[in-house]
Structure formats: C-alpha cells, structure tokens
Amino acid sequence: MSDIKTPPMIITQPKSVTVFNVEDLLMSCEASGNPPPIFRWTKDGEEFDPDSDKELKVSESSGSFVFRTWSKDMETVKKYEGKYVCFASNELGTAMSDEAVLNTDVPPTQDKDEKVNAKADEGNSIVLKCNPSQSSMKHIIHWMDGTLHHIQLNERVVVGKDGNLYFAYLTAEDSRNDYTCNAQYPDTQIILAKQPITLTVNPCNVFLCPANSVPRNRRPHMMRPTGSHSTYHALRGQTIELECIVQGLPTPKVSWLRKDGEMSESRTTKDMFGRRFRFTNISESDGGEYQCIAENSQGKAFHTYTLTVEATPYWTKEPTSQLYAPGETVRLECQADGIPSPTISWMINGIPISEIDKDPRRTLTSGSLILEDVNFGDTAIYQCKGTNKHGTILTNTNVYVIELAPQILTEDGNTYTFTEGQKALLECETFGSPKPKKIYHNRCLILAFYQYCQILNFQLQILTESVHRVHSACFEDEMRVKYDKYGHLCLRYTFEGEKFMITNASPEDEGVYTCQVITRMDMAEASEFNSAITCLLPKDRPDPPTLLQFSNFKYRSLTLSWTPGDDNNSPVLEYVVEFEDQGSKERGWEELKRVGGNQERVTLSLWPYISYRFRVIAINDLGKSEPSKASEIHNTPAEAPDNNPEDVRSESVDPGTLVITWQKMDKRHFNGPDFKYKVLWRRVVGSGPNWHMNYTTGPPFIVSDIGNFSAFEIKVQAENEEGAGPRPDPVIGYSGEDVPIEAPIDVGVLLIDSTTIKVTWAAVDKDTVRGHLLGYKVHLLLLLCWFSPLTKREKKVIGDLKPFSHYVLVVTVYNKKGEGPPSETLSFKTQEGVPGPPMSLSLDSQSETEMTLHWGPPVEPNGILVGYLLQYQQGNDDSPMQVEEIVDPKVTQLTLRNLDRHSHYRFYLRGRTETGDGEPVMVKGATTLDGGKRLVDCSLFFTGFHMAPHRIQSELENDLYESITAPPVNISVTVGEKSANVISGIKFFPTFSFFSPSAEVTEVQQSIATQGWFIGVVSAIVLLLLILLILCFIRRSKGGKYSVKDKEEGPMDSEARPMKDETFGEYRFVTECLI
C-alpha cells in the first residue's frame, strides 16, 4: 500500500495575520501526498515566488513550505500586504489552500494626553473617557487607582464597551485624583496607562439640594447608546454584546426582552450588572428586535435594538474524494448556505473551470459537477468554492481514475463472539478500483461462546445480516444467582444447586423473588410471588477487569483489550486505562485514556523509549472498581526528540558573560538514551554565519569573556542517541550590562515661568549606555533663596523650584546596573513671582474717624517687593471698593482718615512685585466711638513649612504619586528615554497661626514678629539650613528622589525603540494647597 500514489492534500492552512513587528511575518503551508508535493504561491491573484525575493527567508522541507522576512524595517514589510493562496502539486493534481490575508499595523503606543480635571455636582451623572490608543490589536480596559487597585464597579459605576467609566449618579466619595484607564493588549503583553483623571464632586448643599441637602431623584435616561433605537449587524457564529448604560437616581434596574419572539436561554447571558446582553455562537434565529428597559422609582427609559444576523458561507453538502475506474460516471455534489446565499463555482487543479476548454463529458447542474465516461486524464483535484459578501469557503476533492486489483484489508483469523439469537456482523473491508464486490460462502461453523454454550450446525448468511439457529443449546455451567432482601444480604438464605432455600420463613419475607442467570454474554431472569417472602437484588461497584492483552503493535501505539468483570447489577459507564512508567515509578499510576463502558479494547498512543505497564479500572454509578492486575511490561523503541525546549532566553547579569537558559524538557520527551541539550550562539553583527556550539545536560549555560551588552542569536536543540530534534529558530539575547560611561551633554534650562523650567539635553550614544537604556535622572539642588533685603526672614523659606531662587542641576543616564557619570553642573535662577500674603496685619484706631494699619512683609516675597496694594470697603459687599497704592516697599504702616465712625470696614492688603499682586491678608475693624485707643488685630505668624501632597505628572510616561511633608533640600527626578523634562508648580507653603481678638480688646497686642528672641531663633534656623544645603549639594546622590517613572522592563527590546534626538518630552510637577 505504501507504493500507491496519493494526491496532495493541504493539512496545515496558511493563516491570516496582522504584522506589528517584523518577527510576526510568517506564512506557512503544509501538505501530504505521494510523490511529495511541490509548493507555489499567489499574492492578490498573481504568481508570487518567495525564493526570488532577497528580503524573504524560505524554509522548505518534505511536505511543508514556510517563508518569513529578513528585514528589520516595518516599511519594507508593508509591501507584503495582500491575500495569499498556497498550491501543492504532484502528478495527480493540485490542491489549493484557503485564502490568508496579511496586514501590517504598528503596535499601540503611549499617547500624549492632557491632564483632565472633571467637576460635577453630587447626584449628577458623569462619564470619564478612556480614549485608548488606536490599534487593530484587541485590548482590555482596566480602570484602576494610583495604587493599581481596580476601581470598584457596581450597578451605579460601570465600564462601557467603549472603555469609558460611567457613573449613573455621583456621591461625595467618588472624588479622587487617580482614576486611571489602563489598556491591556494581550497579544503583545503591553499595558498602556492614560493620564490619571481628577474627579471633584461638589457636595450637595442648600443651594444645589434645597430639600434637606439631599440630591433630587431623577428618572432613568440613556447614556449609551443615545436615542431610542439602534441597528446591529452580526455574523452567524460570532459573539456579540448589546449594551444599555443608564443614569438616574436611585440607580435604575435594567432588564432585557425580545419583542418578536422568545430569547435563546442557552446562547444568551448578561454581564456588567445587567448592562450588557451577550450572544454566544449567534445564529440566524436570534435576529429580531430586543429592548432594554431601565426603571427606578421615578420612571422608565427604553431602547430598542434591531438585530440582523447574516452568515458567511458554510457547507451543507461536500463532495467526497474517491477512486474511480475508467468509464464510470462521477457526480460531485457541492452545496453551501449563507446569508446572502453564496454563489458556487468550480476549479480544476486551482484553475477556474471557465478558463478551461469545454468538454461535453463535463456538466454543471445546481452546483453539482458531473463527469461522464471518465478516463485516466480526468485524474485531478477539483475545488468547489462558495462565496458571498462576507467571505469564501473552499474544499478540495480528489478524483483518482485508476485500475487496481481487489485487496482484502481485514486481518485474517479474527474471532467474533455472539449470543444465541443475536444478529451477527462479520467485517470485510476491501480496496480496489473498480470497487470490489463481496461474495460470502456459507459453511458449517462451530463457535465457542466462552465455554458457556455451544451452537452446533451453525449457518451464517452474511448478505441478509441474520443468524438462523438450527439447534438450540442450554446453559448449564458457571451460573451465578444473585439475591438480596430489601437491599441487605440474606443471611437466612441458602443456595443448593438450582434451589433457593429460606430458613425460618416469616411474614416479613413476603414479596416477589427474582432469579437472575447471568453469563458473560447476556442475562435471563424469572420471577415468582411468594406470599411469605421477598428479596431485592444488591448493587455494588463493579469487579475489576481481567485478562489484559496487547495487539496491533506499532512504534508509538498498541491495542489493549480486556475482559470485563461483573458489573454487580449497575452497568459500567466507562473504563479508565492507567499506566506506570517503570523508569519513573515515583510518579505512580497515571491516567492515560478513558473509553465508554460498552468497549473492551482501546488503541493507546505511547511515548518513545518508555517502559509501560497498564491496568484498567471500571466505573459505574456506585464508584470505581479495584484496579485490574497490571499487564506485562511493554517497551517502546527509542527515537530522536520530537521537539526542542521552550522559552529560550538570556538572563545575563554580570558584565562580559552571556547566560543562556530555557525551560527544561519533561523526561518523557527525551525519546531516547543519552539525552542532552545542544546550545548554539553567535553574535548578531560582525561574526559571520558560524555558530559556536556546546553540550549540556540542563540550564543555564554560561559563556564568558564576550564583552558587555552585545546582541547574540541563541538557540537550544534537544538531542539523544538516535539523533537531534527539529531545527530550532534563533532568538535574540544579550550579554550582561555594565554602568553607562558617558554623561549627557548640551544640558539646557528654559525658564517658562516662576515655578516652571524646561530641561533639555542631547541623547547619549547608545553604545556608551552598555545596557538597556531605562532613562535619565535629573538632579536639582536649591542653593540659595533670592530675597529682598527688606525681608531677611525669607532666607528660611527653602523649597523646590521656588520663585526667585538659585539652583544647580545635573543630568545622568541609567540602566539596570546603575547611573552613569553626571553632566556638567548647570546653574540657573528662577524667575520672579508674585508674593505671598503679608505676614501680619493689625489695626490701631486713635480717633473715631481714623485708623492706622500695621503690617509685616510677606514670608514668601518670591521676588523684590516694589510696594503694597490696600483695598477696603465699608459695611457689606455692596459698598464700593476703595484702593490705596503704597509704592515704597519699606513702608509697614498707613493711616486712613475721614472714616465713618458708625461703620465697620474690611481691609485687604497685598504685596507687589514686578510680576504682579500677591495673595491678600484680610481683617475687619471699626474706629473707636469715644476716641479711645482700640485695636482689631488679625496677625499671621510664621510657624513652619507645609508642602501639600503633590503629583509628578509626565506627558511621556505613567504617573507616580508622592507626598512630602517637609521641604527637601535636593530633588532627583527620573525620566524616561526622552531627553526633555518640564518641572513646574512645586510650591512650599508656610504654615501660619492666626490671632484675632474680639472688638472689645482695647490693648494693642505686640506682634511676635517684632520680638527680639524670635528674630534670633529665626536667624539661627536660616544659618543651619544654609549649612545643610551646602552639605546636601556635596552629597547630592543621597538626596531625596522622586521617580517620575520606574520603567517596566517588557518583552520588547529597548534597542528596537531607539530615541530620536530631536524629540523632547515635557514633565510637570503639579501641586495644590488650600489654606
């Protein structure tokens, strides 16, 4: 049979693929046939020869053809976009594969988004948008907080199919500043995080919620989809989801119904707290109108979907491959269905039948192809294709016109066992062309029924498939009678021969007794009522099978048969075949296969070079039998390994070494003695095609003295005494990293405003990084606060990027081994800003129409004071605001005259710099009515520093949150690969104490700011802080570090994403403070 020629048959179809990087371009095709088939390809209907394309790497072996690209440039790969078809040919015809589509796309990347601050009132609804990166790659959306915990979802807070986060209504607890949308792309193991969203919920108050400060209830309203009706198209077999997301207070309940029929319970489920209605394996019968109903105590909202289900073509009848003799008529039936109905067309050896010369012997009728009076020249592979607007299906059918002598394939000497009266079926499988006719001869047989019965003068007529009994036989041997009473063992009962004896019978024994006669082939029973006795048959676990035997030995399989044990009145449901590996007895007995309870033999697939013993266990409703006795030992022959180890990679740590490791193979896949791993490696660039090779018995394998961070092609192949496994594909690995040796250059600072700078530098040469470039670190040191001579106490206010302050800055590059040398030190001074509020403000009234204001300069001048702005108004807010400008910054008091003796006043005092007016301090007061001395004092006393928890916001990378409760001396900012950094909005806020005596106080309180002891203490603190600043600058590497991004090492090599020197990123520090 091995010499018979066979037509080609596609056994592995080329698959459609979207190429995101050059490694994804892989197109393969596998076919069988004798002689081995020859492959060719078409692209977009035109002949395509991968061998002639220098950009493609072709791997061709017997029965398979694979091509991939050598190119490392995605622009080059784009030219291979198209529709590919594989053809496999030999002298008996040409088989044709399904169409495979190759597309290209870029992997999703991190977008630069703006910071979003959303505000809404309590009780209202809101949508937080995700807007993941556009890509054809499927993604999964996760909404998380800054600690990487999922946002709690419920009926009120859900995620839509568009990835947005929907709130049916807001509560005060929804306020937070770290709603982060993470888009996970499973195909590339990438997770891209969007900028965190700050959501501020304005609490319900008397103005927003007049009814006892409780939000008003609202009736349901559709948030997604909008409107009252939508149309949805689906294809048969798909999984689709309809969606209804609603707002309302209280949270609406959502239900679904079908308006024009019954919904399929087996194919429909609800998800996302009832907001999504999912169809699994949708069919044409699911098409119709569906309605979602949202309801709460205030009313209802509706949305109707019209669902239309169409179908790509699918076969209802396929032609079958067959042998034909010359002169026969061939009818190939081909029928397909779909919505819309597909068009059927035929091809011969991949060529449309319309392009082949007409033949009167060949006709097409309703999709069927009829060939009359076939000859040897009609041997070919015929393709039937069904097409509609949704797709195409194709099937290959072999028509082989040949003359072969008849052969009987059924083995000789088979033994068949039947029970008397049963129908007997003897197998007789034949082969030949034309199809052989079977002729059976009647003769007298003596069939042994396992020593239970003999049937003599047995006549068998196979053509009518019936058995005629000529002489009946009786069953006299090996009978077993089972008996029981009410499920308990009948201890008072005895069995003598064929007689059943009951000792001391009583009324309790009354009932129907059944005698069962059971053989290994069938069972008979008889019942009789006894007025005094009854007995029930017991049930138990089955007895173990017996007589395990082997047959049909092959290299990797055999047939195991057994004789069933007694089922103990409960039919056997299945048999479990277990094996024990004699070379690994520590594993114990392991399950190999399960078969139905009506089978007594099974073909087992085996591993090479294993010493097997088998046993069988029977199972019925009451449990498992005891295992059968173990079989004899069966040894399978050794073979070369079938596969190679997986997860080959480099895990190099030390400089100058390459550590190659992999996942160890299971011993059962060794396939033979003397198993070992062949490790091969070579440099990616500069060493030519020669591979270095060595053998080892397990991972890892270490190669020394090969340089720091060099790229290598590595592969590991399994090998034993019989030969080597399949040729492995190489992967890229790297030798160990070392610290960078070059500092960034061309460091520059651009002052954007008083609290914001833009730091730029030139990217370092990647060869000097000596590792995967993880990013850059920017170190900032505050040297000195620039201040006005009039406010010497401001020397104490030291903060990060404080306006009108002096800094030094260095930049370093870092990899996993550490930081490289720092850049040249760059000194800069921040711009002047607006001042903080004046430190104190007090009122002194000497008469009923005059008032003198005393103040202290701002704690934070943030520049050079040029004066003050005083605003005051009489009585309530409706009075006009009066303004006094003080142009001399040295002035600390001002007397106002011609005031109304019967009115109170509000005074607002601000400091001024060239940049503008600062924050005010406000005080209320009135003149004395009796001319006496009165004081209204609202003073702010500097007591320390407070820095509000701030957020470091990166426009290029993910966000990291930190809280600082004391002003650090140093800042170290870690940024990504991009060579630009914007640091803004860092503010330290002084902490003040307020002292406001009541209007009855008549004695002027002396400000603490004027006390000599206080001035001395402040001066000492300033001097101490300056000394600490100088020490911290000398030991800057031990300063505080606030990481913008700890770059996660992913599967994608950083070398595949080189930096662009001309691209600069921007990073901002954003802070908030409420005094």
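Mentor: Let us begin with burial, where Asp 581 and Arg 668 are both buried, a word that stands for under 20% relative accessible area, with exposed meaning over 50% and partly exposed lying in between (1.4 Å probe, protein chains only). Please keep in mind that this is a predicted model, in which local features need pLDDT of at least 70 and side-chain atom pairs count only at pLDDT 80 or more, while totals for chains, interfaces and linings use all residues. Residues are numbered from 1 along each chain as its sequence is written, and side-chain values use heavy atoms, with hydrogens and water left out.

Trainee: In what kind of contact do the side chains of Asp 581 and Arg 668 meet?

Mentor: They meet in a salt bridge, at 3.8 Å from N to O; the term requires a side-chain nitrogen of Lys or Arg within 4 Å of a carboxyl oxygen of Asp or Glu. Asp 581 belongs to strand S48 (residues 574–581), whereas Arg 668 sits in the loop between strand S55 (657–661) and strand S56 (676–683), so the contact ties together parts that are 87 residues apart in sequence. Strands here are DSSP runs of E with at least two residues, numbered from the N terminus.

Trainee: How many salt bridges does the structure hold, and which residue does Arg 224 pair with?

Mentor: The structure holds 43 salt bridges, and one of them joins Arg 224 to Glu 243, with the closest N and O atoms 2.5 Å apart. This pair links distant parts of the chain, Arg 224 being in strand S19 (residues 218–224) and Glu 243 in strand S21 (residues 240–243), 19 residues apart. Arg 224 counts as partly exposed because its relative accessibility is 27%, whereas Glu 243, at 4%, counts as buried. Both residues belong to a network of salt bridges that also includes Asp 162, Glu 241, Asp 271, Arg 276 and Arg 278.

Trainee: Turning to sheets, in what order do strands S46, S47 and S50 lie?

Mentor: Strands of a sheet pair through backbone hydrogen bonds, either parallel or antiparallel. Here 3 strands form an open sheet in the order S46-S47-S50, with antiparallel pairing, where two strands pair if DSSP finds at least two bridges between them. Strand S46 (546–551) and strand S50 (601–605) stand at the edges with a single partner strand each, so one side of each is left without a neighbour in the sheet.

Trainee: How many bridges join S46 to strand S47?

Mentor: There are 4 bridges between S46 and strand S47 (residues 557–563), and Phe 550 stands opposite Leu 560 in S47.
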